[in-house]
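Subject: Handing over the structure

Hi,

Here is the structure I promised to pass on to you. Please have a look at it, and then read on for what turned up in it.

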Amino acid sequence: MNTPITMKKICSLLLLLTLIPLLGGCNSEDDLEAIFLGKTFKTTGIFYDKKKGDPVLICDDAHKEDCGAYLNTLIAEGNNFTIRFTLEEFTATLLGSTVSGTWKANGKNQDISFTITSRLGEESEPWALAYLEGLERAYKYEGDTSYLSIKFKDEEGIKKYILYHIHR
């Protein structure tokens, strides 16, 4: 029994053939190597997670009046507040110290964690301590090949993030 090929059948077949590459080509997993490796990231600042653009101002008593300018100066100097990743390890510079260790990230759900295994130097500057807390309490990342954001919850459970830009 021969059934005639109708225009409706042809359109349905073409639609189905068009959808196959779209369904098969979807990959929602981040390319971790492209995001993290081969770059040095420099901190732009620490921000409150739900109030995009509002920086966290953490200053000691000596710098309360000019807190924002003081933090910008700290960040701008040399290699302060940078982080660099290899396949399994990271190295971060603060003000008077360097911390390093291992890191793990999941490109599918953007989970991230850091294990600090080495600290060279001591930190007393409140902003450097907050940066270190951010690494120790990290749970998520956002980013692509031009920026990186490490989300963390401080000891009170307040969500914050460290924002990075490509340094070199």
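Starting from the N terminus, the elements of the protein chain follow the order α-α-β-α-β-β-β-β-α-β-β-β.

A word on the source before the details. This is a predicted model, in which local features need pLDDT of at least 70 and side-chain atom pairs count only at pLDDT 80 or more, while totals for chains, interfaces and linings use all residues. Residues are numbered from 1 along each chain as its sequence is written, and side-chain values use heavy atoms, leaving out hydrogens and water.

First, the chain as a whole. Of the 168 residues in the protein chain, 33% are buried (under 20% relative accessible area; exposed is over 50% and partly exposed is in between, with a 1.4 Å probe and protein chains only). The accessible surface is about 10,300 Å², and carbon and sulfur atoms hold 56% of that (Shrake-Rupley method, 1.4 Å probe; for residues, only the protein chains shown count as cover). Among contacts with a separation of 6 or more, 55% are between residues 24 or more positions apart (a contact means heavy atoms within 4.5 Å).

Next, the strands towards the end of the order. Strand E7 (residues 147-153) is mostly covered, with five of its seven residues buried. E7 pairs with strand E6 (residues 138-143) in the antiparallel sense over five bridges; two strands pair if DSSP finds at least two bridges between them. E6 and E7 make a hairpin with three residues between them, and Glu142 stands opposite Ser149 in E7. E7 also pairs with strand E8 (residues 159-166), again antiparallel, over seven bridges. There, Leu148 has Tyr164 in E8 as its bridge partner. The hairpin of E7 and E8 has five residues between the strands, and Gly157 in this hairpin takes a positive phi near 90°.

Another antiparallel pair is strand E4 (residues 98-106) with E5, joined by nine bridges. Thr98 stands opposite Leu120 in E5. Four residues lie between the strands in the hairpin of E4 and E5, where Gln110 has a positive phi near 60°.

Now for the charged side chains. How many salt bridges does a search of the whole structure find? There are five, counting a side-chain nitrogen of Lys or Arg within 4 Å of a carboxyl oxygen of Asp or Glu. Here are three of them:

- Lys140 and Asp111 form a salt bridge, with their closest N and O atoms 3.0 Å apart. This pair links distant parts of the chain, since Lys140 is in strand E6 and Asp111 in strand E5 (residues 111-120), 29 residues apart. Lys140 is partly exposed at 27% relative accessibility, and Asp111 is partly exposed at 34%.
- Lys151 and Glu142 form a salt bridge, with the closest N and O atoms 3.2 Å apart. Lys151 counts as buried because its relative accessibility is 13%, whereas Glu142, at 33%, is partly exposed.
- Arg137 and Glu133 meet in a salt bridge at 3.4 Å, N to O. Arg137 is partly exposed at 38% relative accessibility, while Glu133 counts as buried at 18%.

Best wishes

Conventions: Helix = DSSP H or I, 4+ residues; strand = E, 2+ residues; numbered from the N terminus.
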